[in-house]
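Visitor: Could you take me through this structure, one topic at a time?

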Amino acid sequence: MSDARPLQFLGICGSLRQGSFNRMALDIAIAQRPPGVEVAVADISQIPLYDEDVRAQGFPPTVETLRQQIKAADALVFACPEYNYSMSGVLKNAIDWASRPPDQPFAGKPCAILGAAAGMAGSARAQGDLRRSMVFLDMHPINKPEVLIGQAQSKFDAGGNLTDEVARNLIRDVMANLAAWARLIGKRV
Ligand SMILES: Cc1cc2nc3c(=O)[nH]c(=O)nc-3n(C[C@H](O)[C@H](O)[C@H](O)COP(=O)(O)O)c2cc1C
């Protein structure tokens, strides 16, 4: 076994909007990735609403692409907005599609969560729900540190820079922990 191969992470952001704080947080995670880690970001913007009748005809191309990206990744990084105390419909819908058999690609996957929200709790409730789905999907999320960026509108500047040093360090640490976790439990060449 060798750790020489770079780890491939896949970022999945649950907000589609321009100027998304969660996308900014994901970009900061990418910028602060540890050595030996490469990160691609999934495009979930064109995934249709889940429909079992459509699935019966085969996965739509956007879903197939996401499933392949998840399968190929050593680890996943979720940027999780909070909508009405839960994860966004966009994120849940993408997870629902990707999770369908055969060979549901989330199983055994190391993953980490970060989240930014307008409220004080910084997406804690949404992240809790995402973790619940991760249990069913047999994923292996790292637990610490929690990256909860509360009152996000006051923590990012117009250029997308995270001005809160504590949050920046948490993101750096969660990426480092995910790399270590992925090397420990993940698939290796
Ligand atoms: C439908 C909807 C529901 C929301 N519910 C919550 C919520 O439960 N808790 C919270 O802190 N913020 C909530 N917000 C505010 C979001 O945290 C805020 O819009 C945030 O910027 C969304 O993430 P984004 O910047 O990545 O798009 C909600 C926003 C929307 C659009």
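**Loops, helices and ligand**

Guide: D103 is placed in the loop between α4 and β6; helices (H or I, at least four residues) and strands (E, at least two) are DSSP runs, numbered from the N terminus. This is a predicted model, in which local features need pLDDT of at least 70, side-chain atom pairs count only at pLDDT 80 or more, and totals for chains, interfaces and linings use all residues. Residues are numbered from 1 along each chain as its sequence is written, and side-chain values use heavy atoms, with hydrogens and water left out.

Visitor: What is phi of D103 near?

Guide: Phi of D103 is near 55°, a positive value in a residue other than glycine.

Visitor: Which residues does a cis peptide bond join?

Guide: A cis peptide bond joins P101 and P102, with omega about 5°. P102 is found in the loop between α4 and β6 (110-116). The peptide bond from K144 to P145 is also cis, with omega near -5°, and P145 lies in the loop between β7 (140-141) and β8 (147-149).

Visitor: Changing topic: at what angle do the axes of α3 and α4 cross?

Guide: The axes of α3 (residues 61-72) and α4 (residues 89-98) cross at roughly 80° and come within 9 Å. Axes are lines fitted to C-alpha atoms, for helices over the stretch in contact, and angles run from 0 to 180 degrees between N-to-C directions. That makes α3 roughly perpendicular to α4, a term for angles of 65 to 115 degrees.

Visitor: Which residues in α3 and α4 meet?

Guide: V63, L66, R67 and I70 in α3 meet A94, W97 and A98 in α4, where contact means heavy atoms within 4.5 Å. The residues of this contact divide into six nonpolar, no polar and one charged.

Visitor: And the ligand: which residues come nearest?

Guide: Of the 13 residues around the ligand, S15, R17, S20, N22 and N84 come nearest; a residue counts as near if one of its heavy atoms lies within 4 Å. α1 (21-31) and β4 (82-83) each supply at least two residues of the shell.

Visitor: How much of the ligand does the protein bury?

Guide: Taken alone the ligand exposes 610 Å², and the protein buries 72% of that; accessible areas come from the Shrake-Rupley method with a 1.4 Å probe.

How values were computed. Angles under 35 degrees count as roughly parallel, over 145 as roughly antiparallel, 65 to 115 as roughly perpendicular and the rest as oblique. Ala, Val, Leu, Ile, Met, Phe, Trp, Tyr, Cys and Pro count as nonpolar, Asp, Glu, Lys and Arg as charged, and the others, Gly among them, as polar.
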